Amino acid sequence: MSSDISCAVCGSREKLMRCSRCKSKIYCSREHQKKDWKEHRAECAKLALTLEKSSMPKEGSSESEILNSLPEVLTPHIDFDKTSTERALKSAKHAMPISGENIVHPKKSSVKDFPEISFKQNPWNVKEQRKDLDEICRNVIQDMDDYGVCVVDNFLGEEKGKAVLFEVLQMYTKGVFKDGQLVSSRGSGDLKTIRGDQITWIDGKEESCPNIQQLISQVDAVVKTANKMANTSKLGMYNINGRTKAMVACYPGLGSHYVKHVDNPNRDGRCITAIYYLNLNWNVKKSGGLLRIFPEGWLGDKVADIEPLFDRLLFFWSDRRNPHEVQPAYDTRYAITLWYFDAREREEACWRYEKERNS
């Protein structure tokens, strides 16, 4: 945990926990939280109200209830309301904006024209390795059907994964990362209470990113192949013919996080989210940064907790079936995200956009 984080009362850096309501003040015990409550109360109420309104407010809670209630729990991560997925989805307001310049367009709308895989050392260009691709695709199809989530570990291998990480670190050193934004401008003044990551977009064709290009092409291969396979069930319902550019993200530690949200709450065309993690020797107990997914249809309060481990590739449905959050990270955390489009939904979204713009 970062040495800059300490208890607001005694300065201790041991067993720290965060105020569960405002997600701002840090304490080493509940006793010290109570001791500081008289001073912290007004600030906590304002921060909590902003956070509740701009992210996932409790259904039925009034403003007076939020302002007057005492935080009851200290938690080492963001502890959101334990309502059902259905209720949570109704208040999912924010998502990552996907603008025109960050979209890779195929030449035609047919899935057969999805950009072909072409990189210098295709790991699936021989018969034995092709079997690996087919096995990954079958696992993706099955897990997305059963859980809406699929994890693929050791995706590139250590050597290639480190080469991708090196290129990301070079970009970060050059200062090209900018604060992540939201679809809605509401609450933009308190953006860091919603998401604390820094991002940059790349298309994989940059001369300085040949290894990232290979990663993108390899993920493309999985999605393209799985979408075309027989008996694809839910995945086969989509006509995946394009994707976004790659969003390279850095959570710079110090408790940076992303509150519970849905990637595609407004039917903008994204059907699959793919995230590749680049964090060597990551210890989630020490460094946080857990991705928690609340998949639709899971019984009780079950969640999918995904540790952002090095060379791990994650797939999940982008729409309201999978609200998720990035819990506070206390060390620098890197990931690369791609969103894949369903042709029909994307076309409808573009039509709605043009209609609104011209009205």
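Modeller: The protein chain has 8 helices and 16 strands, and please keep in mind that this is a predicted model. Of the 359 residues in the chain, 51% are buried. The chain exposes about 18000 Å², and carbon and sulfur atoms supply 48% of that area. Now look at the contacts in the chain with a separation of 6 or more: residues 24 or more positions apart account for 79% of them.

With that picture in mind, let's zoom in on the backbone. Most residues other than glycine have a negative phi. Asn154 is a residue other than glycine with a positive phi, near 55 degrees. To find Asn154, follow the chain from β5 (149-152) towards α5 (158-173), and look in the loop between them. Is Asn154 buried or exposed? Asn154 has a relative accessibility of 64%, and exposed means over 50%, so Asn154 counts as exposed.

Next, move along to the loop between β10 (256-261) and β11 (270-277), where you will find Arg267. The phi of Arg267 is near 55 degrees, again a positive value in a residue other than glycine. What about its surroundings? The relative accessible area of Arg267 is 46%. Buried means under 20% and exposed means over 50%, with partly exposed in between, so Arg267 is partly exposed.

Methods. Residues are numbered from 1 along each chain as its sequence is written. This is a predicted model: local features need pLDDT of at least 70, side-chain atom pairs count only at pLDDT 80 or more; totals for chains, interfaces and linings use all residues. Side-chain values use heavy atoms; hydrogens and water are left out. Helices (H or I, at least four residues) and strands (E, at least two) are DSSP runs, numbered from the N terminus. Buried means under 20% relative accessible area, exposed over 50%, partly exposed in between (1.4 Å probe, protein chains only). Contact means heavy atoms within 4.5 Å. Accessible areas come from the Shrake-Rupley method with a 1.4 Å probe; for residues, only the protein chains shown count as cover.
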